[in-house]
Amino acid sequence: SMVEKLSDFFGDFVIKFDGREYRDFPSIEKLAGDDVENRLRKLGFGYRAKYINQAAKKLLNECRTADWLFGLRQVTRDEARRELLRIPGIGPKVADCVCLMSLNKTDSVPVDTHVRQVAERWYGLKGKGKT
């Protein structure tokens with residue numbers, strides 16, 4: 001998986017168990033490196049490589065600490081979503097996923113294209129935006 005690749009190639013060594021090395025998820029600093037986008041492309045991340053690298057650089061240079069991200073727990077879902085959408089590569093669905101799964105915004109409902117199509121076709125539901 002992509003998460004495993006990020007850890008395997010950019011994370012710090014944690015332990016070797018049953019012949020396998022385990023590594024941490026990489027820090028923002030490591031993902032913001034100058035050659036990261038190229039390395040991610042070689043690992044099969046495709047178009048996501050640029051967004052991962054740009055997002056890490058933005059978080060590192062503008063937000064500076066993880067406290068900024070955790071601080072989004074203290075604001076409304078709409079405010080948190082608006083801030084997340086300013087990060088390269090984060091669209092409405094990903095912002096809603098982060099709000100729901102990391103920021104305790106239980107009023108956030110991520111909807112992908114396929115779920116939206118089923119809701120529109122079978123239930124006549126129409127919504128604005130993508131999520």
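Let's start with two helices: α6 (residues 77–84) packs against α7 (residues 92–101) at an angle of about 130°, and their axes lie 9 Å apart. Keep in mind that this is a predicted model. Angles over 145 degrees would count as roughly antiparallel and 65 to 115 as roughly perpendicular, so α6 and α7 come out as oblique to each other. Their crossing is right-handed.

Which residues do the touching? On the α6 side they are R77, A80, R81 and L84, and these meet P92, A95, D96, V98 and C99 in α7.

V98 is among the residues nearest the centre of the largest pocket, along with I52, G89, I90 and V94. That pocket has a volume of about 1300 Å³, and 40 residues line it. Several elements give two or more residues to the lining: α1 (2–10), α2 (28–31), α4 (48–63), α5 (66–71), α7 and α8 (113–123).

Finally, step back to the whole chain. It has eight helices and two strands, and along the sequence they run α-β-β-α-α-α-α-α-α-α. Taken along the principal axes, the C-alpha atoms fill a box of roughly 50 × 30 × 30 Å.

Technical notes: Residues numbered from 1 in each chain as written. Predicted model: local features only at pLDDT ≥ 70, side-chain atom pairs only at ≥ 80, totals over all residues. Heavy atoms only, no water. Axes fitted to C-alpha atoms, helices over the stretch in contact; angles between N-to-C directions. Helix = DSSP H or I, 4+ residues; strand = E, 2+ residues; numbered from the N terminus. Parallel < 35°, antiparallel > 145°, perpendicular 65-115°, else oblique. Left-handed = near helix turned anticlockwise from the far one by under 90°. Contact = heavy atoms within 4.5 Å. 1 Å grid on protein atoms, 1.4 Å probe; cavity = no way out; pocket = protein on both sides within 12 Å on 5 of 7 lines; lining within 4 Å. Points joined across faces, edges and corners; volume = space filled by probe spheres on them.
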